[in-house]
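Q: Could we go through the pockets and the ligand site here? I'd like the criteria spelled out as we go.

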Amino acid sequence: MSHTPGEGKHRAQWASSLGFILAAAGSAVGLGNIWKFPGKAYNGGGATFIIIYIIIVALIGTTAMMAEFVIGRHTQKNAVGALRQLNKKFSWVGGLGIFTGFLIFGYYSQVGGWVIYYIASYIICPSKIFADSQAFFYEMLGANGFPWLGAIVCPLIFMGLVIFVIIKGVEAGIEKINKVLMPALFLLLIVLTVRSVTLPGASDGLKYLLTPDFSKLDFDTVLMALGQAFFSLSLGMGIMVTYGSYLKKEENLVKNVGLVCTLDTVVALLAGFMIIPAVFATGVEPGMGGGFAFISLAGVFEKMTAGPVFGCMFYLLLFFAALTSAISIMEGTVAYVTEEKKVSRKKATALIGVSTFIIGILYTLSQLYASIKGIWFDFANGVTFPGFGDFLEFLTDRLLTPLGSLTFCIFVGWIWTTKKGIAEVERDGIYSFKLKNVWAVLVKYIAPLAILAILIGGMVFGLALS
Ligand code: PHE
């Protein structure tokens, strides 16, 4: 069997450039953009956080994404196979990414299930949510008996949809669904943002998002923005290696990196402009922790005319975002199992589905345990492990994802060398990589140092990083 770069046998490919961009953007745009970003922007001082975030994405996010794309496109292999082909000693770098994705998928599919529960509830019984949004949320998690719907049925529906798309394959499944869901997501986001910024009293929120106050800027905010950028751009798990591996050789990588990073950031910003002005206008206590999207936001929809309709639209938006990201996480693992372990796509998907589902159930149950003990899981603050869920999130968001990005950048910068990376982008001079020298410095020095700062900051100081 040949191992010449680019000669993967019967390997799938994206049918079109747009299909790839939407799929990669679909991976990047997820719960991180809509659920986490607005809260971080709020806590990080609004405009100040946004400016720092944009600088980080432009410098470090694009750099690390390019590092993953060049590895994938060059080798046309899954994350482990790709690294093994380039340097046998480093296949563990890909393995680390696959392992992280495996863990994240567990809780991602649970939260995806909760979103389905909320879509249905906003249709069937919005008044029950408005009556006591906190009690409603805990009930879903099992406060009054085993959470059949919250932990089993709804996550199973979500997981089932992901599996359905994955089994259909790269082009007929992933590319197709992203081509439908991503434009729909944009449309919903725009409608909801217009609704939010035109609410009476929204201007205070807008002011908060538009007037920077650099006196409030501190190290903590910068680290929080860095961690958020890596998670939001789906970096550090080899997912962009896998998606890049289905790219045709004639694709322009610079353009693709630019577009995916821009789309992801635009969605995060729109989500900020969708949520923060509404929160200011309705005077809801923001408390932007993990429960924000499920508990506090109910107060916003309750005060809005046609609130249940907008509520339903919001969770539909969250659902589309979560689904396309979950698909990418699972594809990273499925590509590895099918190619390296020679298991069929169907079998691999079933195997991964069942095992991650077990991790996921433990996650939801641990949320209840945490809330009973009065320790709500908080994405933004502190490193306490009241339950398995917190431990899982600490492990994935704060530790393994940055560690994964660090190793990918060091691998491309120092082991495989930037020269080969640049050659892959330029394709014998077909494309000119104008910023190649800048990228080389960023991938070798700046990105690894910045990521080390997140890691050390998170470990030593327990700063707000995820
Ligand atoms: N980027 C996704 C989000 O913002 C999450 C994700 C992380 C997806 C890593 C894939 C890989 O929600």
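Q: How does the lining of the second largest pocket divide by class?
A: In this predicted model, that lining has ten nonpolar, three polar and one charged residues, where Ala, Val, Leu, Ile, Met, Phe, Trp, Tyr, Cys and Pro count as nonpolar, Asp, Glu, Lys and Arg as charged, and the others, Gly among them, as polar. A pocket is, on a 1 Å grid over the protein atoms alone, an open set of points where a 1.4 Å probe fits, with protein on both sides within 12 Å along at least five of seven lines, and lining residues have an atom within 4 Å of a point.

Q: How much space lies in it, and which residues are closest to its centre?
A: About 280 Å³ of space lies in the second largest pocket, a volume being the space filled by probe spheres set on the points, which are joined across faces, edges and corners. Of its 14 lining residues, Ala58, Thr62, Phe433, Leu435 and Trp439 are the closest to the centre.

Q: Which element gives the largest share of that lining?
A: That is α3, with five residues; helices here are DSSP runs of H or I with at least four residues, numbered from the N terminus.

Q: Switching to cavities, how many are there?
A: There are four cavities of 30 Å³ or more, a cavity being a set of points where the probe fits but cannot get out. The largest cavity holds about 120 Å³ of space, and it is the space taken by the ligand, with a molecule said to sit in a cavity if more than half of its atoms lie within 2 Å of its grid points.

Q: What lines that one?
A: It is lined by 18 residues, of which Ser27, Tyr108, Phe231, Ser234 and Ile329 lie nearest its centre, and these 18 divide into nine nonpolar, nine polar and no charged.

Q: And which polar atoms are 3.0 Å from a ligand nitrogen?
A: A polar side-chain atom of Ser234 is at 3.0 Å from a ligand nitrogen, and a polar backbone atom of Ala28 is also at 3.0 Å from one; each is a polar contact, a pair of N or O atoms within 3.5 Å. The protein covers 100% of the 320 Å² of accessible area that the ligand has on its own, by the Shrake-Rupley method with a 1.4 Å probe.

Note on methods. Residues are numbered from 1 along each chain as its sequence is written. This is a predicted model: local features need pLDDT of at least 70, side-chain atom pairs count only at pLDDT 80 or more; totals for chains, interfaces and linings use all residues. Side-chain values use heavy atoms; hydrogens and water are left out. A polar contact is a pair of N or O atoms within 3.5 Å; within protein, one must be able to donate a hydrogen and the other to accept it, and residues adjacent in sequence count only if both atoms are side-chain atoms. Helices (H or I, at least four residues) and strands (E, at least two) are DSSP runs, numbered from the N terminus.
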